[in-house]
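Trainee: Could you take me through how to read a structure like this one, feature by feature?

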Amino acid sequence: MRQRSLIAITAAFTAGALTLTACGSRDDKDKDDAGGGGTTVVIGVDAPLTGDLSALGLGIRNSVDLAAKQANAKKYVDGITFKIEAADDQGQPASGQTNATKFVANKDILGAVGPLNSSVGESMQKVFDDAKLVQVSPANTNPAMTQGQDWNGGKKVRPYKAYFRTATTDAIQGPFAAQYLYNDAKKKKVFVVDDKKTYGAGLAATFKDEFTKLGGKVAGTEHVNPDTKDFGAVATKIKNSDADVVYYGGEYPAAGPLSKQMKKAGAKIPLVGGDGIYSADFVKLAGKEGKGDMATSIGQPVEKLPSAKEFIANYKKAGFKEAYEAYGGYSYDSAWAIIEAVKKVVEDNDGKLPDDARAKIVEAMQDVSFDGVTGKVSFDEYGDATNKQLTVYQVKSTEDPTKGWEPVKSGTFTG
């Protein structure tokens, strides 16, 4: 999860006149976006739009909105106008499940992007799968969501055919961080902390397994309640542990204060985490004590990718008030994967949506392949992204949080 600071003014893209087909809805209120009405296909977006994680959630929503508007402007799918319907899950599984149920009930919704949190995603998967409504997450990283609970025991079984993701998993991200810290940063003794949530605990576990396999030592472990924001006791344990690095499995609202408090307690060592801490808000929360901290995040730096130049320019032009953050490019690509699947289904059905459009879109998604913002976008037999790239970032400056993180190394896990 990364910081991205971008300026903004709102814009609307229009598409030409469209024709009505079986599964869409025609509505005069859509004329501004659709350039004259037609069949409207809605893409649901679920993310934390309020609360501690809203910086990331708003970046997800805006990026999906941009993809829909770009598809309309290009008249990418003949006879179809795309809209989004965004729902706030506040990072809570119960809210995510409620939102999924609402999306299923809206027959114009033919795909959903999100959520941010793996725990929220787990609550939504069966709801969508039962309705044959495709879900593409730009951010869920728990391996069990696509490979089953026994994924680490040599028995990978895909639990839900309607679930896909453009983010690589913690089965790769945790070990990638371990290899970087042990081999490149020469860290040999780690204190591991997690927030007990699906994402954080899973990430910390895969990191610890690889770090010890490489020969590293675990100086201590601790589980925290991320809502307390008072980590004095843990900070003291870290200081007394003689660790030379802290690995935190969780997200920036707790990681920032933990970094600040452990440094002030005398533990002058870096805190390292996953994409959950890669945000400008981490730098804000950690303050000057955050300098030198590190995070891994999915993919390569979007700003460095030639394929992302158009996305960045269009995002600026669209005038969104919020930055696209860590998952902007992946959210755009998730939405575009749905758009590609809709296009395939429409073309295979004589230019209109079939009555069983949802089921057909799930089938089409498995074979989607295109050059996206983040590189080549396609899915393996489990619905996982075939793009396994990761990047290590470090906080180099704390004066301007939006420019605090800088890439250190990109690559893939070798194991």
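Mentor: We will go through confidence, then the sheet with its helices, and then the pocket.

Trainee: What does the chain average in pLDDT, and which residues stay under 50?

Mentor: This is a predicted model, and pLDDT is the predictor's confidence in each residue, from 0 to 100. The chain averages a pLDDT of 91, with 91% of the residues scoring at least 70. Residues 1-23 stay under 50, although the model gives them 110 contacts beyond four places in sequence, and residues 26-37 also stay under 50, with 25 such contacts.

Trainee: In what order do the five strands of the open sheet lie, and is the pairing parallel or antiparallel?

Mentor: Strands of a sheet pair through backbone hydrogen bonds, in either a parallel or an antiparallel sense. Here the order is 2-1-3-4-5 and the pairing is parallel. Strand 2 (80-88) and strand 5 (163-165) stand at the edges with a single partner strand each, so one side of each has no neighbour in the sheet. Neighbouring strands are turned by 25° against each other on average, direction ignored.

Trainee: Which helices pack on the sheet?

Mentor: Helix 2 (residues 54-73) touches strand 1, strand 2 and strand 3, and its direction makes about 170° with that of strand 2. Helix 13 (residues 357-365) touches strand 3, strand 4 and strand 5, its direction making about 45° with that of strand 3.

Trainee: How much space lies in the largest pocket, and which residues are closest to its centre?

Mentor: The largest pocket holds about 310 Å³ of space, and of the 17 residues lining it, Asp52, Leu53, Gln92, Lys197 and Asp227 are the closest to its centre. The lining divides into five nonpolar, six polar and six charged residues.

Conventions: Residues are numbered from 1 along each chain as its sequence is written. This is a predicted model: local features need pLDDT of at least 70, side-chain atom pairs count only at pLDDT 80 or more; totals for chains, interfaces and linings use all residues. Side-chain values use heavy atoms; hydrogens and water are left out. On a 1 Å grid over the protein atoms alone, a cavity is a set of points where a 1.4 Å probe fits but cannot get out, and a pocket is an open set with protein on both sides within 12 Å along at least five of seven lines; lining residues have an atom within 4 Å of a point. Grid points are joined across faces, edges and corners, and a volume is the space filled by probe spheres set on the points. Ala, Val, Leu, Ile, Met, Phe, Trp, Tyr, Cys and Pro count as nonpolar, Asp, Glu, Lys and Arg as charged, and the others, Gly among them, as polar. Contact means heavy atoms within 4.5 Å. Two strands pair if DSSP finds at least two bridges between them. Helices (H or I, at least four residues) and strands (E, at least two) are DSSP runs, numbered from the N terminus. Axes are lines fitted to C-alpha atoms, for helices over the stretch in contact, and angles run from 0 to 180 degrees between N-to-C directions.
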